[in-house]
Amino acid sequence: MSLFMFVPPASAQESGALIKGVVSDETGEPLTGAVVRIPGTSRGTSTDIDGAYAIRASKGETIEFAYIGYDKQQVKVKESPATINVTLNPNAQMQMDEVVVIGYGTVKKTDMTGSVTNVKMSDIKDAPVLSVDQALQGRIAGADIMSSTGEPGSNTSIRIRGTRSITASNEPLIVVDGVMDAVHDLNDLNMADIQSISVLKDASSTAIYGSRGSNGVIIVTTKKGSSTSGKPNITLKADVGFSQLPRGLDIMDASEFAQYRNDYTYFSTTGEDTDVKDGVPLNKYPYPDPFSMRGTDWIKEITRTAPTQNYALSISGRTAKTSYYGSLSYNDTEGIIQNSGMKRFTGRLSLEHEFAKWIKVGYKGSYTHRDQDINLASIGGSSPNQGAMYLSPLISPSDNYNPFYGNGQKINTPRATIDLNTNNFKRRSMNHSITFDISILPNLKLRSQNSYYTYDREQFRYYPSTLPRKSEGEGGEAYRADWKEWTLSSENTLTWNLETKSGHNLDIMGGFTGYKYHSDNFTLEGKGYLDDNVKWNNMNAVPDKETYSAGTSTSNKTKMSALARFNYNYKQRYYVTFTGRYDGASNFAANNKWAFFPSGALKWNVANEKFMKNLTWLDELSIRLSAGRTGNDAISAYRSMAALGTTTGGYLFGGSQPVTFYPSRLASPNLTWEKTDLYNVAADMSFLNGRIVVTAEGYISKTSDLLLNVQTATQSGYTSRFTNLGKTSNKGVELSIESRNISNRNFSWTTNFTIAHNEQMVDEIGSEDFVTAMNSPGNSPYMMMGYVKGKPLNSLWGFRYAGVWHNEEEYYRNKVTKAYVAAETLNDSNIANKLGTPRYLDQNRDGVLSQDDLVYLGNADPILYGGLQNNFRLGNFRLGVYFTYSIGGKIYNYSEFYMAGGYSTNQWRYMLDAWHPVRNPQSDYPRAGCLTNVPPSDFMVYDASYLRLKNVTFSYNLDLSDKCKFMRDIQFTVSGENLWLWKKYTGFDPDVSTDDSSTLRRVDMGAYPKARTIVFSIQMRY
């Protein structure tokens, strides 16, 4: 940020030779807008976007360098011309004047009353990740950031201070350059274009966005033109690298699985295997020599070392009244699973022109094109007969037949689906924004921002007739879809500020906004295509029209708002903020379309009191309090209205099928906004001239009128209706610490640490005892995750595993004690053949395994989570090391429904220690092949804690400013992402969430593994 002072441009009559160089901060990052001047003269300038400056000075003169938040530094010119590079150290008092971007404006850090976190771009700009949100994980206290999978282009789920809603969205609002919905998600942004990121967390900071800010707000500010006139600044960066699977799974190889199948044969009671019992020679078993078996590692079979490349070009500068910034980038990231990956192209243009002293007009435009090849191979999840981790290692890649699946059937192996199927997803987004800044009076400013955003998607999918499971003449399956969206928004604010000599400071802002959304969608799908070469390009060429379907839809939403904010402080000691927004949304019922969302905040800057002046070691001590209400309107359009469905099923009349319309949804005439009341208390502290900066916060939020689907009386003709019912709550604490451990001209070491705890609870769900969120597989499903009053929102449910039936004596003893129960029927006549099968605690001792025996197994949410960043600088060398961590929390290993005693799938290696009457009669692992319909239990639940070495970046900067006329410097960087993971979970990674719901977290349904990535970069600045 540049100093708010006028610096005269260098005149043509200046004396001395040219002095140039770069002004950097303590980490080596360039400081844009730093003031460079010759004291006692009118000569001065400021640094450009790359921290570079040029000024004329004579030998013996002194040059002063200044930047907000940093100590001034003076350097005496020893020779002229010369190159003088300067590193400025942070100053505690001036750091408080750092400008922070908030909703509809900016504020000095020292004047901030709300909970806002600023992300240091210097820590993440070189991270080898495709999306910005992946680099933010652990850097924001109170923000739980989790990738759905490791697939390139996959979505990232962000929870700021917990989950509030059960059915509506819990994702934060993303604002780019003041425009809501300027991007669909953070995948649309090129990290090199970002100037700053602010995260708004409490009601005082988010209420200005009303219902849109209920889940927190992420404000992204992109780069703009240089603040000083001069030559254009050109930056070119190239990254090349590779990604690979960082670790495998501890599952059986071919030899071990052959041994397991022999054991399964031993226990078999049907067919030809009944003669394989104790004392039978090994040559009678299916695999007489299991140790000689060589098979397929299906995970290795479908993964690869995948190349990645990224290129970015930017140009920026300024003339007398016009500033400009433009950039282009291209990224090609191939996935570690074959035939998956994403290509992305982005373009951005920022222009700003001062037409007169009282009016400035700006334009910002962006374009993003994403071309994604969606993963074609099933890893695990609910596909036990073709998932890569499930498939028998005794099946070769060329096989299309699984002898262990039923009585032996054809299968579409991952090898076949990768080689034969196609699934392509294209996304295009474009945003145009025009801003008018008008100074009506010196302290009265009008700002009008108007934007138009489009988001188009296309999907093309084809499953050819040559798939192994296809029958002769069945033909191929084609699908294509188009989704088109546009939004038009206008945001207009009027700001008046007043500063008096007596210490009273006032800032009042008011405004109104309008928003219009429209979408058009269509889908086509057909089966039986005879020519696989045509794919989806002639959808009407399907022989049987009964297999052909088409769907279209359209949607409109309108929103309007009035907003206001009042800021007051007295001598920067006592602060008051009031914020309010009156929102209207068309997607609610006619009598509930409008709602008011207020907030208030107080702050006491104790350090500015007279009685604190003698505490020289204390730079800042501020206490903040805030409270307010936000809402959530994130439900689909028309949801409050009754709906009609259509069908063409039924009998033919006159050779045609009639179209039938029928009521499909009940109206919800009283549907209204979800409401969240938030309370926040915080303390900001700074010690030892800014060497240690601490922020501690505590919060409580209570959400009511949850938007839920609830059961309705069957005689109504409907199974459910949408209504406002239920309550949730969140409470937590956050701590962030920044320290300058060592700071001098040649060496510096800084540390950033975050830690947070959040507890989210279900307080009310109406008359229901529970609401199921996720069931177990099989014919007798049980609740694995669900909502119960008084329990955490992400609760895990299941049975208590009690080992296996080791002998008949245990069975007969249990007939008296009734302590245990089996998932299948046991009796005196079959118990001899059921030894080694699982048993569970019978909670009500009724002898039947039922919902009444389900118990709470833990919370998927962590107890503590955060990150630790250390930055080191030695001369022109820089090293950044970043860890993320999560302590506590539970996760189901879904694969253990099939891989912990199943008969047709591969098994976890611990099953080599399964129960066996001769070899291992005391084991509590189920015997080989005994599981067919498995209930969920704590046997499958693991500690989700982890410590991840998320990023290491090492760079060297070669200064060429005094050696080359056209090139300023070259930076060489090598960086690694996801380098190491310490965990207890047996799956690839506990930090995933493949569930599509807005609520559930840490659900691993065979997630695409996260890659380990190494990238080499070169950046040249001209």
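Predicted model: local features only at pLDDT ≥ 70, side-chain atom pairs only at ≥ 80, totals over all residues.
## Terms and model

Helices, of at least four residues, and strands, of at least two, are DSSP runs that are numbered from the N terminus.

## The largest cavity

Strand E48 gives the largest share, which amounts to four residues. Sorted by class, the lining of the largest cavity consists of four nonpolar, ten polar and six charged residues.

## The second largest cavity

The second largest cavity contains about 130 Å³ of space, and 17 residues line it, with Thr513, Tyr515, Lys559, Ser561 and Arg581 nearest its centre. Two or more lining residues come from each of strand E27 (476-499), strand E28 (504-529), strand E29 (549-570) and strand E30 (574-585).

Among the contributors to the second largest cavity, E30 supplies the largest share, again stated as four residues. The lining here divides into five nonpolar, six polar and six charged residues. Tyr515, named above as one of the residues nearest the centre of this cavity, also has Arg212 lying over the face of its ring, at 5.6 Å from the ring centre.

## Aromatic rings

A pair of aromatic rings is described by the distance of the centres and the angle of the planes. The count for this model comes to 37 aromatic pairs, and one of them joins Phe345 and Tyr367 in a tilted arrangement, with 6.4 Å from centre to centre and 55° between the planes. Because Phe345 belongs to strand E21 (residues 341-356) and Tyr367 to strand E22 (residues 359-373), the pair ties together parts that are 22 residues apart in sequence. Phe345 counts as partly exposed, at 33% relative accessibility, and Tyr367 is likewise partly exposed, with a relative accessible area of 26%.

Elsewhere, ring pairs link Tyr782, Phe799, Tyr801, Tyr840, Tyr910, Tyr925 and Phe939 into a cluster. A charge over a ring is also found at Trp805, where Arg839 lies over the face, at 5.2 Å from the ring centre.

Val240 is part of strand E18 (residues 233-244). With 42% relative accessibility, a value between the limits of 20% and 50%, Val240 counts as partly exposed. When its neighbours within four places in sequence are left aside, Val240 is in contact with Thr308, Gln309, Tyr311, Ile1014, Val1015 and Phe1016. Ala481 stands 241 residues from Val240 along the chain, and the C-alpha atoms of these two residues are separated by 34 Å.

Trp617 sits in the loop between strand E31 (594-605) and strand E32 (618-632), and its relative accessible area of 44% makes Trp617 partly exposed. Not counting residues up to four places away in sequence, Trp617 touches Ser686, Phe687 and Leu688. Of these, Ser686 is 69 residues away from Trp617 along the chain, while the C-alpha atoms of the two are separated by 8.7 Å.

Definitions and conventions: Residues numbered from 1 in each chain as written. Heavy atoms only, no water. Nonpolar A, V, L, I, M, F, W, Y, C, P; charged D, E, K, R; others polar. 1 Å grid on protein atoms, 1.4 Å probe; cavity = no way out; pocket = protein on both sides within 12 Å on 5 of 7 lines; lining within 4 Å. Points joined across faces, edges and corners; volume = space filled by probe spheres on them. Buried < 20%, exposed > 50% of the residue type's maximum accessible area, 1.4 Å probe, protein only. Contact = heavy atoms within 4.5 Å. Phe/Tyr/Trp six-rings, centres within 6.5 Å; stacked < 30°, edge-to-face > 60°. Lys NZ or Arg CZ within 6 Å of the ring centre and 35° of its normal.
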